[in-house]
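Please open the structure in your viewer and keep the selection tool at hand. The stops below say what to select next and what is there.

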Amino acid sequence: VAMREAAEAVRNVQGHSEQWASMRAGIAELAGVDPDQELMRLARELPQSMGPGLLLVRRQLQRGIVDIPLFSHLEGLGSAEAAHHLSNVERTRGDLEAARYHAAISLQLETANPQYLDQLADIEISLEGNLPPLILENRRDVLVGPHVGKLGPASLHRSVVIVSYNSASLIEECVSRVLRSIGEGDEVIVVDNASSDSTLSIVSSLADPRLLVLPQAENLGYSKACNLGILASRGAQIALLNPDAFVEDCWLEKLGEALTPGVGAVGPVCDMVAGEQFVGQYIGDRRPRPGEISQILEAEQAGVTRPTKLLMGVCLLLSREVLDQHGLLCEETELGADDLELSWRLCQLGYKLKVVTSVFVHHVGGASFASLPSLERRKRIRRSDKALIRRLVAYYGAGKVPSSYEIFGCDIFAEALAR
């Protein structure tokens with residue numbers, strides 16, 4: 001009796017909600033009635049209420065039962081969850097167009113749900129078709145990047161390549177800091193990926209003979225745009241820097257000192273990154289302002305480097321010779337897996353990767369990515385992940401790819417490998 005009264009109290013406040021339906025199912029079970037039968041009865045009697053039907057289909061799914069008419073009815077009532085499950089059903093059947101239709105409905109009903117966003121992105125990528133198989137004479141061919149032998153001799157000391165995309169809020173600070181920190185024998189190259197905001201005009205207004213701006217007519221993706229900047233560069237050492245990264249004085253000299261023969265790439269300590277580069281490993285529980293972190297690290301970490309299996313793309317320094325000999329960034333990893341692919345490739349080629357723990361670069365994190373429409377961003381990231389997985393499979397063999405921890409020293413790619 002008490003449970004019935006409680007259920008009625010919930011119904012009076014929430015209507016025929018999932019909580020109310022759950023309480024009714026519990027009452028039925030105590031009375032010796034099959035809870036599913038009770039929920040089915042309630043769903044028939046209350047066809048315009050989602051609560052009983054949603055609870056019923058969840059219970060059925062746990063037992064491997066898929067009630068498509070009920071899912072369709074709930075989708076018609078505006079259930080994003082039902083549309084999501086219908087999409088999964090159609091994808092299992094091999095009907096990708098129908099799967100896309102239902103996935104689009106689920107995302108339309110719950111635009112902020114990352115699971116629904118990933119679902120639609122994956123389906124649309126599947127509809128685009130798989131990447132063609134890698135044609136390799138031997139597995140080590142996968143360790144060759146694009147544009148081998150295309151760089152030519154260096155005529156400057158260092159080049160800093162920045163790829164911008166709708167970076168107006170940060171790009172002036174980023175580029176200005178770099179220009180203040182470099183010498184006369186250095187250069188900065190900004191490749192703008194068809195920004196629709198004022199990024200290009202801001203960068204162009206920073207009149208400096210060491211600054212070269214390369215505007216693009218379309219968004220080429222990060223890796224391809226980065227390679228354009230590298231191909232236009234003249235430095236013996238080439239730094240890749242994100243437009244939402246802020247450097248301090250002497251960052252480039254300190255990184256350059258660690259780029260010795262046998263070292264493929266070096267990177268700084270950062271915030272908003274994973275692995276050996278995370279600043280929290282070096283300052284402990286202290287919470288200094290970004291401007292003070294460099295002073296702390298310089299005092300406590302001067303001359304120290306730490307080996308790593310992964311250097312994040314927020315800030316990388318490489319030698320022109322290594323890039324020219326082994327190729328530039330993999331252009332299929334257009335957004336998000338470029339640094340993983342490059343780190344893995346350099347390690348497999350026998351080079352060391354090092355973190356220069358006395359150098360701090362403040363990383364705002366994802367500022368350019370965030371300006372892309374959510375679905376496009378997810379698709380680019382998913383395509384990049386698939387491109388890297390394809391290369392790993394070509395190198396190690398199907399079913400033999402090591403774990404993310406074995407490859408990168410952390411679980412950064414574990415989810416993608418599981419997919």
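**Charged pairs and cysteines**

Select Arg-11, which at 29% relative accessibility counts as partly exposed (buried means under 20% relative accessible area, exposed over 50%, partly exposed in between, with a 1.4 Å probe and protein chains only). This is a predicted model, in which local features need pLDDT of at least 70 and side-chain atom pairs count only at pLDDT 80 or more, while totals for chains, interfaces and linings use all residues. Residues are numbered from 1 along each chain as its sequence is written, and side-chain values use heavy atoms, with hydrogens and water left out.

Next, select Arg-380 and Glu-334, a salt bridge whose closest N and O atoms are 3.0 Å apart. Arg-380 lies in helix α17 (residues 374-396) and Glu-334 in the loop between α15 (320-326) and α16 (338-348), so the pair ties together parts 46 residues apart in sequence. Arg-380 is buried at 10%, and Glu-334 is buried at 14%.

Finally, select Cys-315 and Cys-270: the sulfur of Cys-315 has its closest cysteine sulfur in Cys-270, 6.3 Å away, too far for a bond, as a disulfide needs two cysteine sulfur atoms within 2.5 Å.

Note on methods. Salt bridge = Lys/Arg side-chain N within 4 Å of Asp/Glu carboxyl O. Helix = DSSP H or I, 4+ residues; strand = E, 2+ residues; numbered from the N terminus.
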